[in-house]
Amino acid sequence: MMETILIIEDDGDIREGVRILLEGEGYHILEAENGKQGLSLLSENPDLIILDVMMPGMSGLKTCEEIHKVSFVPVLFLTAKSQESDKLIGLMAGGDDYLSKPFSYAELLGRVKALIRRWKIYRGKEDDEPASPDKYVAQSGIRINENFNEIFVNGSAVELSDIEYHILLLMMRHPGKIFSAQNLYESVWNEPYFYNCNGTVMVHIRKLRVKIEEDAQNPQKIITVWGKGYRFGKNEG
C-alpha cells in the first residue's frame with residue numbers, strides 16, 4: 001500500500017525538490033504552502049507530515065499543535081535554525097524529528113523511512129507481516145501492547161506518540177535496566193547518536209512522564225539515574 005506524505009512548506013523550490021525525491025521512492029505526495037492549507041488536507045490521512053517551522057501566517061509550531069489536536073501522525077520539522085534550543089522547542093510542540101536546512105536528500109529520506117516505519121507499527125498496520133496475537137507487558141499500573149500502540153495506565157487508555165510508545169515499551173521490557181540517552185536514541189530512532197541528541201531524548205522522556213506518572217515532577221515509573229540515564233521501575237540489581 002502506497003504511503004502518503006503531506007509537505008507543508010512555503011518555499012516552492014524546496015517543496016518541489018522534496019516532492020520529486022519522495023515520488024521517486026514511491027510515496028504519494030500532498031502539498032500545502034501554508035499551515036491553514038495543510039490542516040485542510042488532514043482528511044487525506046497522511047502517514048507523515050514534513051513541516052516547515054518558519055512560515056508566514058500560521059507558524060509551523062502552531063500548525064503542529066493544531067495537527068495533534070486531531071491526529072498523532074508523525075511530524076518531521078524542517079528548520080533554518082540550528083540552535084539546540086530551537087530544535088527542542090519544536091519537539092515540545094509535538095514534532096517527532098527535525099532536519100536543519102540545508103539538508104541532504106539522503107538524510108531526509110532516511111528520516112522519512114524511519115518515521116513511517118514506526119508509524120505503521122504504532123497503528124498495528126505492518127502490512128508485510130502476519131498479524132500476531134496481542135501480547136501485553138504489565139507493571140506499575142501500566143499495561144502496554146507489544147504489537148501496536150495501546151497503553152492503559154491504571155485501567156484508563158492513554159494516547160502516546162509513536163516515539164513515546166517505543167521508549168516506554170523498550171523500558172518496560174527491561175525493568176530496572178538503566179538506559180543511557182545513547183541507548184534510547186539508537187534503539188528507538190535507529191540512528192547514530194551524537195551528544196546533542198541528549199536533549200531530544202530528554203524532551204520525549206519529559207512528555208512521556210506527563211502522560212503516565214501521577215506526579216510528573218516526582219516520577220515513580222521512569223526514574224532518572226543521575227549521570228547514567230533512565231530506568232523503568234525499581235532497580236532489580
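This is a predicted model: local features need pLDDT of at least 70, side-chain atom pairs count only at pLDDT 80 or more; totals for chains, interfaces and linings use all residues.
Me: Which residue forms a salt bridge with Glu9, and which parts does the pair tie together?

Reply: The partner of Glu9 is Lys101, and their closest N and O atoms are 3.2 Å apart.

Me: What does Asp52 contribute at Lys101?

Reply: The side chain of Asp52 also meets that of Lys101 in a salt bridge, with 3.1 Å from N to O. Asp52 belongs to strand β3 (residues 48-52) and Lys101 to the loop between β5 and α5, so this pair ties together parts 49 residues apart in sequence. Asp52 counts as buried, at 2% relative accessibility.

Me: Where should I look for a salt bridge inside a single helix, and how should I read the spacing of its partners?

Reply: An α-helix has 3.6 residues a turn, so residues three or four places apart point the same way. Glu66 and Lys62 both lie in helix α3 (residues 60-67), four residues apart, which is about one turn of the helix. Their side chains meet in a salt bridge at 3.2 Å, N to O. Glu66 is partly exposed at 22% relative accessibility, and Lys62 is likewise partly exposed at 37%.

Me: Let us turn to helix α1. What is its span, and which of its residues are buried?

Reply: Helix α1 has 13 residues and reaches 18 Å from its first C-alpha to its last, close to the 18 Å expected at 1.5 Å a residue. Its buried residues are Arg15, Gly17, Val18, Leu21 and Leu22. These cover an arc of only 165 degrees around the axis, so they lie on the same side of α1. The face turned away from that buried side carries the exposed residues Asp13 and Gly24.

Me: What is found at the N-terminal end of α1, and what follows the helix?

Reply: Asp11 caps the N-terminal end, with a side-chain oxygen 2.9 Å from the backbone nitrogen of Asp13. Gly26 follows α1 and has a positive phi, near 95 degrees.

Me: Finally, which residues touch the most other members of the largest nonpolar core?

Reply: Leu168 and Met171 do so, within a core of 29 residues. Among the elements that each supply at least two residues are β7 (142-145), α8 (197-212) and β11 (229-232). Helix α6 gives the most to this core, with eight residues.

Me: What is Leu168 in contact with, leaving aside its neighbours within four places in sequence?

Reply: With those set aside, Leu168 contacts Ile142, Ile144, Ile151, Leu160, Leu208, Ile212 and Phe232.

Conventions
Residues are numbered from 1 along each chain as its sequence is written. Side-chain values use heavy atoms; hydrogens and water are left out. A salt bridge is a side-chain nitrogen of Lys or Arg within 4 Å of a carboxyl oxygen of Asp or Glu. Buried means under 20% relative accessible area, exposed over 50%, partly exposed in between (1.4 Å probe, protein chains only). The expected span of a helix is 1.5 Å times one less than its number of residues. The arc is that of the directions from the helix axis to the C-beta atoms. A polar contact is a pair of N or O atoms within 3.5 Å; within protein, one must be able to donate a hydrogen and the other to accept it, and residues adjacent in sequence count only if both atoms are side-chain atoms. A nonpolar core is a set of buried Ala, Val, Leu, Ile, Met, Phe, Trp, Tyr and Cys residues joined through side-chain atoms within 4.5 Å. Contact means heavy atoms within 4.5 Å.
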